[in-house]
Amino acid sequence: MAAAETPHHPDEPEGAPGRRAVLRGISAMGLAAFTVPMALSSNAVATTEAETAPLPKPDPKKKGKKKGAAKGKKKGAAKGGKLVKDGDTPIASTEDIPVNSGALFEADEYIITQPKAGQFLGYDSLCTHEGCPVDAFDTPGEMNCSCHGAKFDIKSGKVLDGPAKKPLPKKPIIVEGGQIYKAKKA
């Protein structure tokens, strides 16, 4: 008996597709659901000649000098540009942040630390290991990720103990009138 000649089952209404036709349709939908995303992702990976061109070699005469770097400028200092408040709602009051410690503001994705009295720093709240919130400030001078135990320095964001390998990125803040605000470049 050919596949198109599926016998009619007495419990099925007249004109309804047979069991084999339904199963073939389901199989075809499953195959399409798998192959269409694969085809789309392979197109997204295609590169152009410009993307694969080799990078220019550095000029040995300019070795070690960065364009526009001022002599004696501290490493990691702000790269120019004035900061302004990013909204009128403060993240926290300066009184909320203990000296030589910090606090997590998960909704704002900020950590605010106070390494010494009156000095406040902002950091990204997500651990650079696997993205868990850095949420423990039990040890003075440290901020810790309770997921896998990474420890970071509250003064610099540098890794004190792994498994994280990269420091926490700094985030700009403005302290004004006893309040701490998110900041952005003007």
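Which residue does Asn 144 stand opposite in strand 8? Here is a friendly walk through the model, with that answer under point 3.

1. **What you are looking at.** This is a predicted model, in which local features need pLDDT of at least 70, side-chain atom pairs count only at pLDDT 80 or more, and totals for chains, interfaces and linings use all residues. Residues are numbered from 1 along each chain as its sequence is written, and side-chain values use heavy atoms, with hydrogens and water left out.

2. **Overall make-up.** The protein chain holds 2 helices and 11 strands, where helices (H or I, at least four residues) and strands (E, at least two) are DSSP runs numbered from the N terminus. Read from the N terminus, the order of elements is α-α-β-β-β-β-β-β-β-β-β-β-β. Of its 186 residues, 23% count as buried; buried means under 20% relative accessible area, exposed over 50%, and partly exposed in between (1.4 Å probe, protein chains only). The chain exposes about 13700 Å², with carbon and sulfur atoms supplying 57% of that area (Shrake-Rupley method, 1.4 Å probe; for residues, only the protein chains shown count as cover).

3. **Strand 7 and its partners.** Strand 7 (residues 142-145) pairs with strand 6 (residues 134-136) in the antiparallel sense over 2 bridges; pairing requires that DSSP finds at least two bridges between the strands. Here Ala 136 stands opposite Asn 144. Strand 7 also runs antiparallel to strand 8 (residues 151-153), joined by 3 bridges, and the residue opposite Asn 144 in strand 8 is Lys 151.

4. **The two hairpins.** The hairpin of strands 6 and 7 has 5 residues between the strands, and Gly 141 takes a positive phi near 85° there. Strands 7 and 8 form a hairpin with 5 residues between them, with Gly 149 in the turn at a positive phi of about 90°.

5. **Two covered faces.** In a regular strand the side chains alternate between the two faces of the sheet. Both faces of strand 7 are covered: Glu 142 and Asn 144 are buried on one side, and Met 143 and Cys 145 are buried on the other.

6. **A buried loop serine.** Ser 125 sits in the loop between strand 5 (119-124) and strand 6. Ser 125 is buried, at a relative accessible area of 1%. Beyond its neighbours within four places in sequence, its contacts (heavy atoms within 4.5 Å) include Leu 104, Glu 109, Tyr 110 and Cys 132.

7. **Backbone points to check.** Glu 109, in the loop between strand 3 and strand 4 (110-116), has a positive phi of about 55° although it is not a glycine. Glu 109 is partly exposed, at a relative accessible area of 42%. Asn 100 has a positive phi near 65° and lies in the loop between strand 2 (92-93) and strand 3 (101-105). A cis peptide bond, with omega about 25°, joins Gly 162 and Pro 163.

8. **A charge over a ring.** Lys 85 lies over the face of Tyr 181, at 4.3 Å from the ring centre; the criterion is NZ of Lys or CZ of Arg within 6 Å of the ring centre and within 35 degrees of the ring normal.

9. **Confidence.** The average pLDDT (the predictor's confidence in each residue, from 0 to 100) is 73, and 57% of the residues score at least 70. Residues 34-53 stay under 50, and the model has 3 contacts for them beyond four places in sequence. Residues 62-78 also stay under 50, with 2 such contacts.
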